[in-house]
Amino acid sequence: MKKNFLTFAICLSFMMPTYALDIGDISSFMYSDSSIISKEIKNSTNTGRLINIKVERITNPLEGGSIIPMESKDEILLTPGSLLLPANSNETIRFFYKGPNDDKERYYRILWSDQALSEGKRSNAKRHAVATASALISSILVVAPRKAKYAYHYSEGKITNPGNATLRIIAYGPCLKPTDGDSCKENYYLMPGKSREFTRVNVADRNGRVAFWQENHFVSVK
């Protein structure tokens with residue numbers, strides 16, 4: 001698996017032809033002006049699902065990110081943490097940040113345990129739901145610093161993030177390689193202290209463009 005930002009990992013305890021639970025975007029951002037984020041999940045199958053949700057704090061959202069302790073037991077809260085999701089239905093899960101109001105960006109791995117429910121016989125007279133095949137889906141939550149400092153430095157096709165919050169970098173314009181066609185586009189998440197050079201877009205061309213998203217604001221660089 002490549003070391004892409006916000007890696008998506010799926011671990012199966014039983015082989016399944018499709019992943020029944022749709023959790024939407026793999027990466028979610030809680031910006032500095034908010035302490036709550038909602039995420040809609042969907043069950044598009046014809047069977048009920050048992051969903052359990054767990055949150056872990058991690059050192060970074062890259063593949064090698066390791067689990068670290070929460071600074072308090074209520075640093076990240078969610079509701080509901082467990083639910084029965086009927087067939088062809090959806091539910092909204094809400095996450096609340098109750099951690100320090102400082103200048104540090106924090107990363108969390110959300111683990112979604114998804115189990116199919118079937119009818120099993122407890123006796124001749126009664127039936128009960130039985131959890132069968134299961135899957136574990138992983139997504140990432142990035143909590144921007146409460147005291148966010150957005151900054152960038154761009155020079156000779158290389159952009160650096162000297163701030164303390166992740167930027168979503170976008171480049172578009174003529175392709176570097178003729179085999180890629182006439183127009184190319186690149187999207188990256190640039191973490192604090194990291195730099196990035198563009199490999200598909202010819203940003204040196206006068207028609208090459210570089211920009212980034214600062215929370216919900218679009219900022220043109222070139």
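Buried here means under 20% relative accessible area, exposed means over 50%, and partly exposed is whatever falls in between (1.4 Å probe, protein chains only). The model is predicted, so local features need pLDDT of at least 70 and side-chain atom pairs count only at pLDDT 80 or more, while totals for chains, interfaces and linings use all residues. Residues are numbered from 1 along each chain as its sequence is written, and side-chain values use heavy atoms, with hydrogens and water left out.

Aromatic contacts come up first. Rings of Phe, Tyr and Trp (its six-membered ring) pair if their centres lie within 6.5 Å; planes under 30 degrees apart are stacked, over 60 edge-to-face, and the rest tilted. On that basis, the whole structure holds six aromatic pairs. One of them joins Phe 95 and Trp 112, edge-to-face, with 6.3 Å from centre to centre and 75° between the planes. Phe 95 belongs to strand β9 (residues 89-97) and Trp 112 to strand β10 (residues 106-121), so this pair ties together parts 17 residues apart in sequence. Strands are DSSP runs (E, at least two residues), numbered from the N terminus. Phe 95 is buried at 1% relative accessibility, and Trp 112 is buried too, at 0%.

Trp 213 and Phe 218 also pair up: their ring centres are 5.2 Å apart and their planes stand at 65°, so this is an edge-to-face pair. Here Trp 213 is partly exposed, at 30% relative accessibility, and Phe 218 is partly exposed at 45%. Elsewhere, Phe 29, Tyr 31 and Tyr 189 make up one aromatic cluster.

As for disulfides (cysteine sulfur atoms within 2.5 Å), the count is one. Cys 175 and Cys 184 form a disulfide with their sulfur atoms 2.0 Å apart. The torsion about the S-S bond of Cys 175 and Cys 184 is about 100°, so the disulfide is right-handed. Cys 175 is buried at 12% relative accessibility, and Cys 184 is buried at 4%.

Terms used. Helices (H or I, at least four residues) and strands (E, at least two) are DSSP runs, numbered from the N terminus.
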